[in-house]
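This report describes the fold of one protein chain.

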Amino acid sequence: MKKWIFLVLPFLLLGFAVFYYVNRNPDISESRYSNKREFKADNKLNENQIIDDFSSIDNPKQEQTVSFALDIKGTEDFKSKIKESLRVLWLYDKEGSFRLVRRYVFEIRESNRTMFYWDNEKPIAEVSKEMVDNNSKTYLASVLAHLGWHGYYLSVKKGKNKKDVPLPGKENIDKSFAMPFGTDFKKLDDLYKVEEEAFKYQLSVLTKINAPQNEQRALKNRDYKDFSPAHDGNYFIQF
């Protein structure tokens, strides 16, 4: 029995010594996990940069160096919900509605109405607190796409996309995205026709982002003269 103890004891002492050494040197004990932790941290950072800055569309994993000019002005709750909705567009329709909003809306403001308009040659989307608080992030995302469509339409109609509304840091807007709905652009001189096209686009976005069926039905069953699914308050519509 004593001989067995003497044979095992050196191995026990060696194991204890290794355990003690590793725990006294945290760099060694954590080295096998550091790369995995850094990878997760980098992914989280990149995701946050997409949400906060919207500075990279084509390669979100690339290090962010340029702040995108889409300002979101309002309470912290308002800004958070707007960003969540924009993230829905980025995840499900990055090359469509998200890119549209990025190109043709420079500022999203908390307001008592929901509409799109030009403020001293700056494309502005106002969104009411009621619109934000009373709708899901998927439906709010479709409203932002609707307002982005108005920005696109007015930009192309007035020729602003060619020279008057440059992206920050660029001479002009990328012409490859000037006509996202086809090569033929048709001017609509009737307010109801303009809104009909905007609502068609909003409905297509709801479909792309897998919004609940009740949200899609609300637009499908909309009365031709009812603009409330995307506008509220004392709004006006430029066309």
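Which residue in S4 does Glu107 stand opposite? Glu107 stands opposite Ile124.

This is a predicted model, in which local features need pLDDT of at least 70, side-chain atom pairs count only at pLDDT 80 or more, and totals for chains, interfaces and linings use all residues. Residues are numbered from 1 along each chain as its sequence is written, and side-chain values use heavy atoms, with hydrogens and water left out.

Eight helices and four strands form the chain; helices (H or I, at least four residues) and strands (E, at least two) are DSSP runs, numbered from the N terminus. Their order from the N terminus is α-α-β-α-α-β-β-β-α-α-α-α. Two strands pair if DSSP finds at least two bridges between them. The pairings of S2 (residues 107-111) are these:

| Strands | Sense | Bridges |
|---|---|---|
| S1 (residues 71-73) and S2 (residues 107-111) | parallel | three bridges |
| S2 and S4 (residues 122-128) | parallel | five bridges |

In S2, Ile108 is the bridge partner of Ile72. Ile108 is also among the residues with the most contacts inside the largest nonpolar core, which has 44 residues. Such a core is a set of buried Ala, Val, Leu, Ile, Met, Phe, Trp, Tyr and Cys residues joined through side-chain atoms within 4.5 Å. Helix H6 (137-158) is one of the elements that give two or more residues to this core, and its share, 12 residues, is the largest.

Of the 239 residues in the chain, 41% are buried, meaning under 20% relative accessible area with a 1.4 Å probe, protein chains only.

Definitions and conventions: Buried < 20%, exposed > 50% of the residue type's maximum accessible area, 1.4 Å probe, protein only.
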